[in-house]
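This report looks at how one protein chain is put together.

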Amino acid sequence: MSSVPRLVVAAPSSGSGKTTVATGLMAAFAARGLAVSPHKVGPDYIDPGYHALATGRVGRNLDSYLCGTELIGPLFAHGARGCDLAVVEGVMGLYDGAAGEGELASTAQVAKLLRAPVVLVVDASSQSRSVAALVHGFASWDPGVRVAGVILNKVGSDRHEAMLREALDASGVPVLGALRRAPQVGTPSRHLGLVPVAERRAEAVEAVAAMAAQVRAGCDLDALFALARGAGELPGVAWDAAGAVRPSAAAEHTATAGRAPTTDGTAPSTAPGTPSGTRRVAVAGGPAFTFSYAEHAELLTAAGAEVVVFDPLRDERLPEGTGGLVIGGGFPEVYAPELSANEPLRKAVAELAFAGAPVAAECAGLLYLARELDGRPMCGVIDATARMDERLTLGYRDAVAVGDSVLAVAGTRMRGHEFHRTVVEPGAGPAPAWGVRAPERRVEGFVQRGVHASYLHTHWASEPGVARRFVERCLTS
């Protein structure tokens with residue numbers, strides 16, 4: 001049972017100012033001495049970086065498509081454990097979710113699952129009295145969603161604010177803040193959204209401070225905290241990585257049935273958490289590889305691995321004793337010259353992969369393992385080339401493992417998310433990683449030796465056996 005005060009920051013549409021308000025609230029409450037737990041609805045990796053900067057805690061995602069509705073409460077309780085307040089930033093418009101799936105993965109659904117009040121951020125820059133109709137519509141659309149307050153954003157003047165407040169007086173939804181236009185709180189964007197914190201830390205610190213100042217000046221923090229305290233208790237048990245990777249007898253039988261032998265032909269270890277020797281998993285980080293879910297490292301650790309982060313832009317060697325490699329998402333296309341110039345590390349990655357060590361690569365990791373990216377040499381582990389493309393590939397995917405790999409046995413179903421402006425040719429190897437079932441049927445990705453490389457971002461909390469299986473196959477030192 002979790003009783004952490006909580007509220008959800010939502011909006012009628014993208015671009016209304018959710019990130020500014022949510023991040024500003026997190027920073028403003030943290031400055032009051034509160035332990036603030038930051039959360040983001042959906043698969044977004046970038047906003048949680050700003051949330052972490054605002055709170056000093058890991059930003060966590062709540063994605064009911066990737067993880068299932070049953071894990072939203074437990075994952076929330078895990079992240080918010082011991083905190084004084086939790087602020088959840090929504091995704092897109094309040095009622096927007098996975099295409100063709102109704103309310104699934106929407107901010108509204110997550111708010112209902114968390115029993116949390118919603119604060120609606122409205123871009124008021126081009127309206128006055130119409131704001132009341134807009135708020136009334138959102139507040140009455142779904143009786144299960146409690147729209148409990150409004151924050152007016154991009155207000156032009158005192159007179160404009162007065163007109164907006166007057167219009168909303170009869171709506172029954174209180175105005176809890178009004179923010180003026182403030183260019184200094186803006187954050188730069190590029191082809192996939194905001195520029196991550198890791199690429200502009202000094203400027204990001206200034207931007208977050210400006211967001212906090214704007215929220216303090218324009219919002220009723222006491223009223224917002226009182227609203228969050230009224231959320232009540234959330235039933236259920238907090239998610240726990242150690243419990244998640246502990247297999248049941250039936251699950252362990254399934255997991256071992258398709259287990260591939262190690263490179264020397266012997267059976268791999270079957271005792272998670274009790275490896276013979278140290279299993280060290282190197283995880284790519286730094287500015288080029290910023291996309292990862294915190295639960296992945298927690299699951300790897302719970303499965304018996306020592307997780308060590310390295311930076312492919314700067315480190316010329318893998319961490320000593322590396323027995324497995326995880327390369328998540330990010331922006332290798334932005335740093336292709338630097339990644340290519342680091343030839344010693346490229347060779348080390350290739351040597352580890354060709355030795356049969358498990359390598360899990362998602363999106364950016366797939367590009368890094370390819371022969372080349374935009375004409376620049378990469379690691380050459382995968383016989384494919386990658387290039388930038390004008391078309392944005394974006395959306396949730398329903399996938400099934402085509403064959404056995406270091407992550408899953410054939411037939412394992414997982415849900416993923418694609419988000420990129422690059423193309424890999426060919427799109428799949430002789431042994432593909434996934435068969436994508438929606439929105440169209442196709443195969444994609446590469447499985448060879450211990451390598452599993454794919455465009456799909458997945459959330460391992462939905463299938464903890466992925467982490468256990470990966471660690472069992474790690475080389476020991």
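E418 is buried: its relative accessible area is 3%, and the cut-off for buried is under 20%. The model is a predicted one. The partner of E418 is R442, and the closest N and O atoms of this salt bridge are 2.5 Å apart. R442 itself is partly exposed, with a relative accessible area of 27%. E418 belongs to strand β17 (residues 413–425) and R442 to strand β19 (residues 442–444), so the pair ties together parts that are 24 residues apart in sequence.

**Salt bridges**

The count of salt bridges comes to 22. Side chains of opposite charge can pair when their charged atoms come close.

| Pair | N to O distance | Relative accessibility |
|---|---|---|
| R442 and E418 | 2.5 Å | R442 27%, E418 3% |
| E161 and R165 | 2.9 Å | E161 16%, R165 31% |
| D222 and R32 | 3.0 Å | D222 51%, R32 46% |

E161 and R165 both sit in helix α7 (residues 158–168), four residues apart, which means a separation of about one helical turn. E161 is buried. R165 is partly exposed. Salt bridges with shared partners join D158, E161, R165 and R180 into one network.

The D222 and R32 side chains also meet in a salt bridge. D222 lies in helix α9 (residues 221–229), while R32 lies in the loop between α1 and β2 (36–41), so this pair ties together parts 190 residues apart in sequence. D222 counts as exposed, and R32 as partly exposed.

**Nonpolar cores**

The largest nonpolar core has 112 residues. Which of them touch the most other members? They are L94, L114, L152, L224, L300, W460 and F470. Helix α1 (residues 18–31) gives this core its largest share, seven residues. Another core, of 39 residues, lies apart from it; A348, Y368, C379 and V424 are among its members.

Leaving aside neighbours within four places in sequence, F470 is in contact with V281, L300, G324, L325, V326, P358, V359, A360, V406 and L407. Helix α16 (residues 465–472) is mostly covered, with eight of its eight residues buried. Those buried residues include F470, and also the charged R468, R469 and E472.

H296 has its place in helix α12 (residues 294–302). Is H296 buried or exposed? At 11% relative accessibility, H296 counts as buried, because the limit is under 20%. Not counting residues up to four places away in sequence, H296 touches T458, H459 and W460.

**The second largest pocket**

Rolling a probe the size of a water molecule over the atoms shows where empty space is left. The second largest pocket holds about 900 Å³ of space. Its lining has 38 residues, and F289, T290, F291, S292 and Y293 lie nearest the centre. Elements giving two or more residues to this lining are α2 (47–55), β10 (280–284), α12, β11 (306–310), β12 (322–327) and β13 (359–362). By class, 25 lining residues are nonpolar, ten are polar and three are charged.

T290 is found in the loop between β10 and α12. T290 is partly exposed, with a relative accessible area of 22%. The C-alpha atoms of T290 and G49 are separated by 8.7 Å, although the two residues are 241 residues apart along the chain.

How values were computed:
Residues are numbered from 1 along each chain as its sequence is written. This is a predicted model: local features need pLDDT of at least 70, side-chain atom pairs count only at pLDDT 80 or more; totals for chains, interfaces and linings use all residues. Side-chain values use heavy atoms; hydrogens and water are left out. A nonpolar core is a set of buried Ala, Val, Leu, Ile, Met, Phe, Trp, Tyr and Cys residues joined through side-chain atoms within 4.5 Å. Buried means under 20% relative accessible area, exposed over 50%, partly exposed in between (1.4 Å probe, protein chains only). Contact means heavy atoms within 4.5 Å. On a 1 Å grid over the protein atoms alone, a cavity is a set of points where a 1.4 Å probe fits but cannot get out, and a pocket is an open set with protein on both sides within 12 Å along at least five of seven lines; lining residues have an atom within 4 Å of a point. Grid points are joined across faces, edges and corners, and a volume is the space filled by probe spheres set on the points. A salt bridge is a side-chain nitrogen of Lys or Arg within 4 Å of a carboxyl oxygen of Asp or Glu.
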